[in-house]
Amino acid sequence: MENFINHEYIYKLLEDGKKATKEDIIQILEKAKNKQGVSHEDVAALIQVEDKELLKRIFEVAGEIKESIYGNRVVVFAPLYISDYCVNNCVYCGYHKCHDFKRRRLTQEEIAEEVKLLEKMGHKRLALEVGEDPVHAPIEYVIDSLKTIYNTQNENGTIRRVNVNIAATTVENYKKLKEANIGTYILFQESYHKPTYEKMHPNCLKGDYNYHLTALHRAMEGGIDDVGAGVLFGLADPKFEVLGLMIHNEEMEKKFGVGFHTISVPRLRPSGGINLEKFPNIVDDEMFKKLVAVIRIAVPFTGIIMSTRETPEMRRDALKFGVTQVSSGSSTGVGGYKEREEKGSGEAQFKTSDERTPLEVLNSLLDDGYIPSYCTACYRMGRTGEKFMKLAKSGEIQNMCEPNAMLTLMEYVLDYGDAETCKKAEKVIKERTEKLKSEKVKEFIMESLEKLKEGGRDYYI
Ligand code: SF4
Ligand code: SF4
């Protein structure tokens with residue numbers, strides 16, 4: 001398949017975008033409010049705005065779009081690293097094959113131990129992370145690990161959705177992942193800029209730009225209908241990357257009727273053996289916030305994920321105008337949850353900047369007026385791919401997200417919260433339930449809340 005990221009076209013868009021006037025930007029933002037997304041030209045103009053007043057408008061409009069689609073819910077998850085063996089040479093990653101450290105691949109028993117610790121923290125949704133190594137971590141290992149995760153239970157804890165982030169692979173292997181009941185398949189393009197991509201992945205399997213770029217197509221062909229994308233900001237010009245994401249999303253919509261379920265926005269961070277000075281495109285905080293807001297405007301119905309690479313302050317800001325999912329209590333090393341419990345941390349893929357516990361993150365979200373959600377209902381109800389996007393675009397999904405968020409929050413605080421958190425959560429749940437229009441949904445929530453208090457679990461629409 002051809003490279004559908006036409007570089008000359010993007011360069012031209014960015015050149016033309018520089019000419020946008022203040023009036024043009026205001027007009028684009030007015031248009032954006034209808035939540036139909038905007039054109040490539042519009043994105044190229046928005047991403048280059050420097051004027052403080054206009055930037056303020058961009059954040060406001062992105063915030064309004066976010067609020068109207070996602071309300072005040074924030075989905076919470078955690079990563080699980082199970083193998084750091086890797087045959088690739090990504091120059092920005094601590095796991096690259098030339099970095100000399102003691103590598104690990106967890107046994108199924110060790111995975112179960114990690115999962116129990118994650119369950120003890122209240123997590124229900126995981127992102128499974130595996131380095132690329134056909135010998136140490138073949139697809140069979142990934143499939144066995146998925147079975148272990150879904151079958152491991154700790155008191156009230158169960159993992160209800162596992163999103164998977166493994167290297168680009170074949171349609172056959174994607175079929176196997178689908179059969180193993182994964183949530184979203186996530187693959188970061190890292191960079192849409194081909195010369196940068198090739199420079200960042202020398203002499204390794206991952207170095208084939210086109211094979212990597214078309215992996216999500218193969219995932220769809222293999223039957224996975226929720227796919228997530230991402231870029232590692234800091235490798236190439238971030239403006240180019242935002243347009244790359246947008247064009248890739250449209251390509252998926254055109255071919256498969258559904259675009260990205262989520263977009264992740266990792267930013268280059270220090271890690272073992274990596275010197276940040278070697279990267280000329282490091283993204284500063286202001287640019288980073290702008291690009292999150294522009295992505296929100298460009299693809300209103302795609303979730304945006306921010307990990308603990310970012311500080312609590314950045315995560316708090318980004319939640320206002322774009323981000324819809326955050327990780328919490330994360331360990332980014334193999335076997336890291338057990339190691340942390342026993343003696344601090346081991347070799348991580350990258351350093352985290354938000355070291356708060358899941359309960360601290362939850363409390364801070366509640367204090368900021370959000371409803372932390374542990375909901376995993378959609379894929380369990382078969383609301384995936386095109387079906388999901390239709391519900392999202394019509395706004396109908398809100399009737400499910402909000403009740404589910406409240407019920408999973410209640411379940412969380414009953415099992416893992418302290419008295420103060422319980423009080424806060426109950427207050428917000430009561431207030432939000434009163435505001436719901438549907439009497440039927442209100443009734444369902446009230447009944448389910450009672451059942452939760454009596455020991456029942458896992459109620460959702
Ligand atoms: Fe391996 Fe992934 Fe790190 Fe690249 S980014 S070195 S593929 S673990
Ligand atoms: Fe996500 Fe679906 Fe739950 Fe809404 S109802 S939070 S879209 S899983």
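1. A word on terms to begin: on a 1 Å grid over the protein atoms alone, a cavity is a set of points where a 1.4 Å probe fits but cannot get out. The space taken by ligand 2 is the largest such cavity, where a molecule counts as sitting in a cavity if more than half of its atoms lie within 2 Å of the grid points.

2. Please keep in mind that this is a predicted model, with local features needing pLDDT of at least 70, side-chain atom pairs counting only at pLDDT 80 or more, and totals for chains, interfaces and linings using all residues. Residues are numbered from 1 along each chain as its sequence is written, chains are lettered from A and ligands numbered from 1 in the order in which they are written, and side-chain values use heavy atoms, leaving out hydrogens and water.

3. Around ligand 2 (a heavy atom within 4 Å) you will find Arg125, Cys375, Ala377, Cys378, Arg383, Phe388, Ile397, Cys401 and Asn404. Two or more residues of this shell come from each of α16 (377–380) and α18 (398–416); helices are DSSP runs of H or I, at least four residues, numbered from the N terminus.

4. Ligand 1 has nine residues around it, of which Cys86, Asn88, Cys90, Cys93 and His96 come nearest.

5. Now to helix α1 (residues 7–17): His7, Ile10, Leu13, Leu14 and Gly17 are buried (under 20% relative accessible area, with exposed meaning over 50%; 1.4 Å probe, protein chains only). Viewed down the axis, these buried residues fall within an arc of 120°, so they line one face of α1 (the arc is taken from the directions from the helix axis to the C-beta atoms). Glu8 and Lys12 are exposed on the face turned away from that buried side.

Terms used: On a 1 Å grid over the protein atoms alone, a cavity is a set of points where a 1.4 Å probe fits but cannot get out, and a pocket is an open set with protein on both sides within 12 Å along at least five of seven lines; lining residues have an atom within 4 Å of a point.
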